[in-house]
Amino acid sequence: MEHTKHIWRAAFLLIAVLTFVIVGRHFLVPKSFGEAGYYRYDALFEHMDKEPRHGAPDACADCHDDIAAAKAGGKHAPVKCEVCHDVLASHVKDGEKVADMRINRSWELCAYCHQRLVGRPALVAQVDIREHLELSAGQAIPAEACVQCHDKDAIHHP
Amino acid sequence: MCERKDNKGSSRRDFLRMAAQGAGGMALVMVGGGHSLVSANAVSEGGSDRRGPMEYDPSKHRYLYVIDVDKCIGCGSCVRACERENQVPRHFFRTWIERYQVSRTGEVYVDSPNGGHDGFAPSETGADISKAFFVPKLCNHCDNTPCVQLCPVGASFVSPDGVVLVDDKRCIGCSYCVQGCPYGSRFIHPETHTASKCTLCYHRLVRGESTACVQNCPTGARQLGDSRSLGDKVAEIVATSKVHVLKPELHTEPKCFYVNSSREVR
């Protein structure tokens with residue numbers, strides 16, 4: 001058996017490579033990789049763990065039931081509170097108020113929906129804001145132009 | 001300035017480390033790949049493995065998204081809601097609105113100023129516009145997704161309930177997926193330097209809530225459905241209405257369906 005040495009050499013090399021692969025794989029492949037596909041399964045749960053910032057659709061009514069009731073009968077009923085205000089997470093945490101809710105009183109907020117535009121479907125009332133305010137060419141639109149006439153109640157229950 | 005230099009240096013080091021890990025890991029996963037594939041099927045079909053904070057079984061859901069172009073008023077509430085829900089950096093978008101204006105002679109004008117985040121100003125095309133409409137866009141959460149196929153490190157994946165997600169701890173920021181997405185739905189986050197995209201508000205879905213964009217759409221132009229939920233109204237729309245997907249010729253099999261769309265929309 002003059003070739004025994006060569007066979008042992010090959011076998012040793014094979015074992016060495018296999019050991020390297022198995023040990024290397026253990027350290028290089030992240031935990032949970034491949035459990036549910038070619039990705040790190042734990043990443044899915046990291047996505048789940050993120051905290052929502054918008055509240056549930058009726059969350060505001062828990063405290064502001066009067067405004068919610070008035071709004072429910074108005075034309076702005078399909079518009080969620082957080083569209084015009086800020087997210088619930090900036091106002092309430094664990095059921096406790098942490099800060100005042102920000103109120104956006106700019107005319108731009110109203111214009112997002114109510115500026116008359118080519119291609120805007122007639123689902124909402126539309127005006128050309130400059131025309132509506134009867135502004136002359138160079139005049140800028142005042143910052144809180146809309147809310148000067150359309151007050152809080154008129155907005156919540158138009 | 002100095003700090004910036006440091007950041008850059010460390011991120012390059014991180015990149016190299018992760019690239020080495022990724023490449024090595026990938027080669028080794030390929031070697032021992034048979035095992036992972038077997039267990040993959042076992043978990044996604046059985047759905048018995050529960051981790052995370054809530055009782056949620058991904059195998060019981062299959063989300064789909066319907067956009068009614070006739071109902072979109074281009075207000076941008078969805079874009080702002082997405083930004084606030086997911087802390088999307090300024091001038092980057094996980095969802096955006098495009099305004100299409102088509103002239104009588106067939107020219108198509110498309111604009112999306114700041115993604116529709118700040119609304120739309122009156123049009124200044126000067127052309128004789130014969131039809132115009134707003135088209136909300138987002139990740140199509142394709143069944144046959146190019147971005148996931150392109151990812152060299154397995155950082156992009158399709159969840160068992162059909163949502164395309166990014167593992168930002170694994171992403172090396174190579175941006176192959178950004179280039180590969182035919183819908184332009186991905187971007188490299190300017191701070192984390194990893195790929196970022198619409199997650200279909202996965203953190204909200206698992207809590208039984210709708211996505212921020214759907215919840216804040218004032219006209220119901222955006223709707224979220226679940227084809228594995230019996231009697232789901234949105235799944236019924238897809239089943240019974242004439243729906244359209246973007247770039248059907250690419251066979252990406254999107255799960256976003258457009259109603260009342262037009263041929264100009266790509």
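Predicted model: local features only at pLDDT ≥ 70, side-chain atom pairs only at ≥ 80, totals over all residues.
**View 1. Where chain A meets chain B.**
Let's start with the contact between the two chains. Here 43 residues of chain A are in contact with 56 residues of chain B. On the chain A side, the elements that each give two or more residues are helix H1 (4-28), helix H2 (41-49), helix H4 (81-84) and helix H5 (107-114). H2(A) provides the largest share, six residues. Sorted by class, this side of chain A has 26 nonpolar, seven polar and 10 charged residues.

**View 2. An antiparallel sheet in chain B.**
Moving into chain B, you will find an open sheet of three strands in the order S3-S2-S4, with antiparallel pairing. Its edge strands are S3 (108-111) and S4 (129-138), each of which pairs on one side only. From one strand to the next, the twist averages 20°. To follow the pairing of S2 (residues 95-103) with S4(B), look for the nine bridges that join these antiparallel strands. A handy place to look is B:Ser103, whose bridge partner in S4(B) is B:Ile129. Helix H3 (residues 77-86) of chain B packs on this sheet and touches S2 and S4 of chain B. The direction of H3(B) makes about 160° with that of S2(B).

Now take a look at the helix itself. Nine of the 10 residues of H3(B) are buried, so this helix is largely enclosed by the rest of the structure. The buried residues include B:Cys78, B:Val79, B:Ala81 and B:Cys82, and B:Arg80, B:Glu83 and B:Glu85 are also among them. What covers them? The cover of the buried residues includes H4 and H5 of chain A. From chain B, it includes S2, S4, helix H7 (212-215) and S9.

**View 3. A mixed sheet in chain B.**
Our last stop is another open sheet of three strands in chain B, with the order S9-S1-S10 and mixed pairing. Strands S9 (222-226) and S10 (256-259) of chain B stand at the edges with a single partner strand each, so one side of each has no neighbour in the sheet. Ignoring direction, neighbouring strands here are turned by 25° against each other on average. Strand S1 (residues 63-68) of chain B pairs with S10(B) in the parallel sense, over four bridges. To find your way along S10(B), look for B:Phe257, the bridge partner of B:Val66.

Notes. Residues numbered from 1 in each chain as written. Chains lettered and ligands numbered in written order. Pairing = 2+ DSSP bridges. Axes fitted to C-alpha atoms, helices over the stretch in contact; angles between N-to-C directions. Contact = placed C-beta atoms within 7 Å. Nonpolar A, V, L, I, M, F, W, Y, C, P; charged D, E, K, R; others polar. Buried ≥ 20, exposed ≤ 12 C-beta atoms within 10 Å, placed from the backbone.
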